[in-house]
Amino acid sequence: MPYAVGLMSGTSLDGVDAALVKIAGCGMNTSVELVEFISIPFSQELKKEIHDSLSVETSNSELICSLNFKLGAIFSDAVIAVCEKAGFMLQDLDYIGSHGQTIYHQPNKTKTLFPSTLQIGEPAVIAYRTKTTVISNFRTMDMAAGGQGAPLVPYTELILYGSSEKARILQNIGGVGNATVLPKNASVKEVQAFDTGPGNMIIDYLCQKFFGVPYDKHGEIAKSGNVNQILLEECMRISFILASPPKTTGRELFGTAFVEKLLLDYPQVSAKDFIATMTMFTAKSIAENYRKFIFPATNIDEVIVGGGGAFNNHLVHLLQHELIGYSRVIRQEDLGFSSEAKEAIAFAILANETINNLPSNVPKATGANQPVILGNITPVPY
């Protein structure tokens, strides 16, 4: 029975998650047991480097080139650390699935830009330092097949959460919000998934800017503020929120430039009220996407919230209120799963599919022309 580590570093830029799992089978017959999980926060210096690499104004090829190898070393350290914490011998590890750190994601063609994506965290560095095969670069083959390269986790969610008794939505609230719709007895062809809009990234940025804290713990800051309805309504009119799936987004739309423009346009809104409004924006954008694109066709029994946003009690409460009369809202932990480890586990599963030569994209979710095998394999170098 293979052992694998899944690595995830998301749009929230808070650190790297590493999940050591035991995997049996493949495809829809896959079973997964979480052995150990750790989350290693990025230093402030590294966060700044990543932020600089994301910005058109501050990024350059020298920075990205260096950061690619630096992150490879940091991801390697995470693999070693999660194995040490579990008391698991590194040489017994079969493979590593690494999502990498997204630097830019351009899912649609423009007048000057070709559809493309870039995740860094050099897999050769990881493979060399851990002496383990690495599967990485999961998004590119889906894009080569005409897809948007995202979302990637729906296939793994079907494996882990598909049910013959309940129709479910898996709502991840990381830096970005994304939903996976699993009808009862769903096949891969019936799975729908798309990004709903911002998750935590706007809230986190405002917390760091105004209060010097990395995030709004339990949503207490937002709870103490008031929602500015004019600002909220402007955000809800953003074309991405109104657009039909398939769709995917990231810091290119909802990052620093977006937030700073809102702050300039609404100088009269206090810090607490801004955070309250953006928290409502996250909840309302999720619910609005459900009402427009999911509920008309599918009755949903459960919305299962995961990601860092699952620990924002105020945000979850707002989402529950928005969905009264539609479906109940619960957390991953209510089903015995881990909100923190979910995405890292997903990339261990995707790596398992690649190793077994099985496609693992969901064309209905990404818009790809066909199912394809995802990821590049970097073998043990010696």
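Visitor: Why are helix 6 and helix 12 called roughly antiparallel?

Guide: This is a predicted model, and the answer comes from an angle. The axes of helix 6 and helix 12 cross at roughly 170 degrees. Angles over 145 degrees count as roughly antiparallel. Helix 6 and helix 12 are therefore roughly antiparallel to each other. Their axes come within 9 Å.

Visitor: Which residues make the contact of helix 6 and helix 12?

Guide: From helix 6 come Ile-202, Ile-203, Leu-206, Cys-207, Phe-210 and Phe-211. Helix 12 brings Ala-271, Lys-272, Phe-274, Ile-275, Met-278, Thr-279, Phe-281 and Thr-282. By class, that contact has eleven nonpolar, two polar and one charged residues.

Visitor: What makes helix 8 oblique to helix 12?

Guide: Again, look at the angle. Helix 8 (residues 229–236) and helix 12 (residues 271–293) have axes that cross at roughly 40 degrees. Angles under 35 degrees count as roughly parallel, and roughly perpendicular runs from 65 to 115. The value of roughly 40 degrees therefore makes helix 8 oblique to helix 12. The axes come within 10 Å, and the crossing is right-handed.

Visitor: Why are helix 1 and helix 2 called oblique?

Guide: Helix 1 and helix 2 (residues 61–86) pack at an angle of about 135 degrees. Roughly perpendicular ends at 115, and roughly antiparallel needs an angle over 145. Helix 1 and helix 2 are therefore oblique to each other. Their axes are 10 Å apart. Helix 1 passes helix 2 in a left-handed crossing.

Visitor: What residues meet where helix 1 and helix 2 touch?

Guide: Leu-46, Glu-49, Ile-50, Asp-52 and Ser-53 belong to helix 1. Leu-63, Ile-64, Leu-67, Lys-70, Leu-71 and Ile-74 belong to helix 2. By class, this contact has seven nonpolar, one polar and three charged residues.

Visitor: How much space lies in the second largest pocket, and which residues lie nearest its centre?

Guide: The second largest pocket holds about 440 Å³ of space. Its lining has 16 residues. Nearest its centre lie Leu-54, Ser-55, Arg-251, Thr-256 and Ala-257.

Visitor: Which elements give two or more residues to that lining?

Guide: They are helix 1 (44–54), strand 4 (95–106), helix 6 (201–211), helix 10 (251–254) and helix 11 (256–265). The lining divides into eight nonpolar, five polar and three charged residues.

Visitor: What is phi of Lys-131, positive or negative?

Guide: Phi of Lys-131 is near 55 degrees, a positive value in a residue other than glycine. The loop between helix 3 (123–130) and strand 6 (133–136) holds Lys-131.

Visitor: What is phi of His-218, and where does His-218 lie?

Guide: Phi of His-218 is near 60 degrees, a positive value in a residue other than glycine. His-218 lies in the loop between helix 6 and helix 7 (220–224).

How values were computed. Residues numbered from 1 in each chain as written. Predicted model: local features only at pLDDT ≥ 70, side-chain atom pairs only at ≥ 80, totals over all residues. Heavy atoms only, no water. Axes fitted to C-alpha atoms, helices over the stretch in contact; angles between N-to-C directions. Helix = DSSP H or I, 4+ residues; strand = E, 2+ residues; numbered from the N terminus. Left-handed = near helix turned anticlockwise from the far one by under 90°. 1 Å grid on protein atoms, 1.4 Å probe; cavity = no way out; pocket = protein on both sides within 12 Å on 5 of 7 lines; lining within 4 Å. Points joined across faces, edges and corners; volume = space filled by probe spheres on them. Nonpolar A, V, L, I, M, F, W, Y, C, P; charged D, E, K, R; others polar. Contact = heavy atoms within 4.5 Å.
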